[in-house]
Amino acid sequence: MAKFELTKSIEAVKLNPRTLRPLSDLKHTIPYGAVLEKLTLDRDIQQFHYLGEPYECPETDLKSALHELA
């Protein structure tokens, strides 16, 4: 599975691990240099795992901040 690194900080909503539904409207900051895994696109929302926890954010925000790790 591909891993990606953030080239800038982003804001994302934490998801329930079982249902993949937002836990709240509170946004968390995912820092520059964070490693993201399990990226999946659902319409215009990108879901991903950071430190083993699921998150989501708009695809446009994440698209400009990703760099694939070799």
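Leu 51 counts as exposed, at 72% relative accessibility. Its place is the loop between strand 5 and strand 6. The model described here is predicted. In it, the protein has 1 helix and 7 strands, and 27% of its 70 residues are buried.

- Leu 51 is exposed because its relative accessibility of 72% is over the 50% cut-off.
- Phi of Leu 51 is positive, near 55°, and the residue is not a glycine.
- Most residues other than glycine have a negative phi.
- The C-alpha atom of Leu 51 is 7.9 Å from that of Leu 36. Along the chain, these two residues are 15 residues apart.

**Overall build**
- The order of elements along the sequence is β-β-β-β-β-β-α-β.
- The C-alpha trace spans about 30 × 25 × 20 Å along its principal axes.
- The radius of gyration of the protein is 11 Å. A compact globule with 70 residues would have a value near 11 Å, so the two agree.
- Consider the contacts with a separation of 6 or more: 52% of them join residues 24 or more positions apart.

**Surface and charge**
- The accessible surface of the protein is about 4800 Å². Carbon and sulfur atoms account for 51% of that surface.
- The protein has 9 positive and 11 negative charges.

**The nonpolar core**
- The largest nonpolar core holds 12 residues. Among them are Leu 6, Ile 10, Ala 12, Ile 30, Ala 34 and Leu 36. The core also includes Phe 48, Tyr 50, Tyr 55, Cys 57, Leu 62 and Ala 65.
- Strand 2 (10–15), strand 5 (45–50) and strand 6 (53–58) are the elements that give two or more residues to this core.
- In soluble globular proteins, nonpolar side chains tend to be buried together.
- Leu 36, one of the core residues, has contacts beyond its neighbours within four places in sequence. These include the core residues Leu 6, Ile 30, Phe 48, Tyr 50 and Leu 62.
- Leu 36 is also in contact with Ala 2, Lys 3, Phe 4, His 49 and Leu 66.

**Gln 47 in strand 5**
- Gln 47 is found in strand 5.
- Gln 47 is buried because its relative accessible area of 15% is under the 20% cut-off.
- Neighbours within four places in sequence aside, Gln 47 is in contact with Leu 15, Leu 20, Lys 38, Leu 39, Thr 40, Tyr 55 and Glu 56.

**The loop between strand 2 and strand 3**
- Pro 17 lies in the loop between strand 2 and strand 3 (22–30). Leu 20 is found in this loop as well.
- Pro 17 is exposed, with a relative accessible area of 54%.
- Leu 20 is partly exposed, because its relative accessible area of 32% falls between the 20% and 50% cut-offs.
- Leu 20 has a positive phi of about 55°, although it is not a glycine.
- Pro 17 is in contact with Glu 53 and Pro 54, leaving aside neighbours within four places in sequence.
- The C-alpha atoms of Pro 17 and Asp 61 are separated by 22 Å. The two residues are 44 residues apart along the chain.

Terms used: Residues numbered from 1 in each chain as written. Predicted model: local features only at pLDDT ≥ 70, side-chain atom pairs only at ≥ 80, totals over all residues. Heavy atoms only, no water. Helix = DSSP H or I, 4+ residues; strand = E, 2+ residues; numbered from the N terminus. Rg over C-alpha atoms; globule rule 2.2 N^0.38 Å. Buried < 20%, exposed > 50% of the residue type's maximum accessible area, 1.4 Å probe, protein only. Contact = heavy atoms within 4.5 Å. Areas by Shrake-Rupley, 256 points an atom, 1.4 Å probe, with all protein chains shown as cover. Lys, Arg positive; Asp, Glu negative; His and termini not counted. Charge placed at Lys NZ, Arg CZ, Asp CG, Glu CD. Core = buried A, V, L, I, M, F, W, Y, C linked by side-chain atoms within 4.5 Å.
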